[in-house]
Structure formats: C-alpha cells, structure tokens
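Here is a briefing on one protein chain.

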Amino acid sequence: MENFKLTMKEAVLLEVLRSNGVSNKELIDNLESHSWEDLYSNEYQTLLNVYVQNKPQFKELLENGYSVKFITINGLKNLLKMKFEKIEDQDYKINNHTIELLELTPQQLSTLRQLLSINWVVEEYERNALDPASSIVKIYPIVVFQ
C-alpha cells in the first residue's frame with residue numbers, strides 16, 4: 001500500500017504541531033471539534049480540509065507516516081530540522097543541491113525514505129565508525145533545474 005501524500009505545506013503544518021508536543025490523539029480531537037480555528041486560521045483550515053476529505057487515511061498517516069508530493073531543497077532542509085533536528089552546516093553540508101555527510105539512525109533513515117518525494121535519491125555510503133548502527137547518507141535530486 002502506498003503512503004498517503006501531503007503537500008509540503010501540509011507536512012510542515014503537521015510537523016510544527018508535532019514539534020510543539022501535540023499528540024496524534026490531540027490533533028484528531030482538535031480537528032474533529034474545530035477548536036484550533038482561532039489559533040491557526042488559514043493554516044488550520046489547510047489541515048482541516050485534508051482531514052475532512054480523507055479521515056481514515058489521515059488517521060493512518062499519523063500512525064504509519066506519509067510522503068510529501070514534491071520537495072525542494074529548502075523544503076528538505078526544513079523537514080530535516082523539524083523531523084530530525086538536523087541543521088545545515090552543523091549536521092550536514094550542502095553542495096550543489098546535494099545534502100552530504102548527514103548521519104541518521106536506521107529509524108531516521110527509514111522515515112526519511114518514506115517522507116521524500118520521488119524527485120530525491122537517498123544514498124547510504126558509509127557507517128559511522130563510533131556508532132555502526134548509524135549511516136552517513138547523501139541526498140540528491142534526480143534532476144537539478146538551473
């Protein structure tokens with residue numbers, strides 16, 4: 001079964017809520033009761049629309065993950081920061097639209113592969129000598145538009 005696909009905006013909204021400690025149950029309860037309308041206005045409406053149109057799939061994506069329809073390099077940097085607390089020039093380098101020297105645990109790597117849109121390739125090229133369970137990866141676009 002293919003993962004449910006969110007737009008980058010929807011994924012960012014979801015991850016912002018998660019990073020602020022909102023649980024899956026709390027998110028569903030608030031979407032059901034519309035209790036965030038005043039707090040998040042347009043942003044809330046975006047997630048509410050996805051939820052209302054796809055309730056069973058939305059609940060499943062909270063538990064099993066999702067993919068993003070299309071990700072730019074800046075969108076990828078934002079997802080790495082929100083989802084894995086990875087920061088450019090601290091945790092990885094960017095060279096010509098390629099993310100290099102990014103260290104991820106097996107779970108993070110699995111989640112990243114699930115999240116990424118089809119325009120990105122994740123290449124595992126080295127194991128961390130100090131932590132053999134972690135991998136050093138490179139992420140690059142299939143096509144770079146100039």
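Axes are lines fitted to C-alpha atoms, for helices over the stretch in contact, and angles run from 0 to 180 degrees between N-to-C directions. This is a predicted model, in which local features need pLDDT of at least 70, side-chain atom pairs count only at pLDDT 80 or more, and totals for chains, interfaces and linings use all residues. Residues are numbered from 1 along each chain as its sequence is written, and side-chain values use heavy atoms, with hydrogens and water left out.

**Overall make-up**

- The protein chain holds six helices and six strands. Both are DSSP runs numbered from the N terminus: helices are H or I with at least four residues, strands are E with at least two.
- Along the sequence the pattern reads β-α-α-α-α-β-α-β-β-α-β-β.
- Of the 146 residues in the protein chain, 40% are buried. Buried means under 20% relative accessible area, exposed means over 50%, and partly exposed lies in between (1.4 Å probe, protein chains only).
- The protein chain exposes about 8,600 Å², and carbon and sulfur atoms supply 50% of that area. Accessible areas come from the Shrake-Rupley method with a 1.4 Å probe; for residues, only the protein chains shown count as cover.
- Take contacts between residues at least 6 apart in sequence: 57% of them join residues at least 24 apart. Contact means heavy atoms within 4.5 Å.

**Helix α1 with helix α5**

- Two packed helices are described by the angle between their axes and the distance between the axes.
- Helix α1 (residues 8-19) packs with helix α5 (residues 73-84) at an angle of about 20 degrees. Their axes are 10 Å apart.
- The two helices α1 and α5 are therefore roughly parallel. Angles under 35 degrees count as roughly parallel, over 145 as roughly antiparallel, 65 to 115 as roughly perpendicular and the rest as oblique.
- The crossing of α1 and α5 is left-handed. That term applies if the near helix is turned anticlockwise from the far one by less than a right angle; clockwise gives right-handed.
- On the α1 side, Met8, Val12, Glu15, Val16 and Arg18 take part. They meet Gly75, Leu79, Met82 and Lys83 of α5.
- By class, this contact of α1 with α5 has five nonpolar, one polar and three charged residues. Ala, Val, Leu, Ile, Met, Phe, Trp, Tyr, Cys and Pro count as nonpolar, Asp, Glu, Lys and Arg as charged, and the others, Gly among them, as polar.

**Helix α2 with helix α4**

- Helix α2 (residues 24-33) and helix α4 (residues 55-64) pack at about 155 degrees, with axes 10 Å apart. So α2 is roughly antiparallel to α4.
- The crossing of α2 and α4 is right-handed.
- From α2 come Asn24, Leu27, Ile28, Leu31 and Glu32; from α4 come Lys55, Phe58, Lys59, Leu62 and Glu63.
- The contact of α2 with α4 divides into five nonpolar, one polar and four charged residues.

**Helix α5 with helix α6**

- The axes of α5 and α6 come within 12 Å and cross at roughly 140 degrees. That makes α5 oblique to α6.
- The crossing of α5 and α6 is right-handed.
- Leu76, Leu80, Lys83 and Phe84 of α5 make this contact with Gln108, Thr111, Leu112 and Leu115 of α6.
- Five nonpolar, two polar and one charged residue make up the contact of α5 with α6.

**Positive phi values**

- Aspartate 89 has phi near 70 degrees, a positive value in a residue other than glycine. Aspartate 89 sits in the loop between α5 and β3 (93-95) and counts as exposed, at 53% relative accessibility.
- Leucine 101 has phi near 60 degrees, again positive in a residue other than glycine. Leucine 101 lies in strand β4 (residues 98-104) and is partly exposed, with a relative accessible area of 49%.

**Buried residues**

- Threonine 98 is in strand β4 and is buried, at 12% relative accessible area. Leaving out residues up to four places away in sequence, threonine 98 touches Lys93, Lys138, Ile139, Tyr140 and Pro141.
- Serine 117 is in the loop between α6 (106-115) and β5 (120-127). At 5% relative accessibility, serine 117 counts as buried.
- With residues up to four places away in sequence not counted, serine 117 touches Val68, Lys69, Phe70 and Ile71. Serine 117 and threonine 72 are 45 residues apart in sequence and 9.5 Å apart in space, C-alpha to C-alpha.
- Tyrosine 44 belongs to helix α3 (residues 37-53) and counts as buried, at 3% relative accessibility. Tyrosine 44 and leucine 31 are 13 residues apart in sequence and 8.5 Å apart in space, C-alpha to C-alpha.
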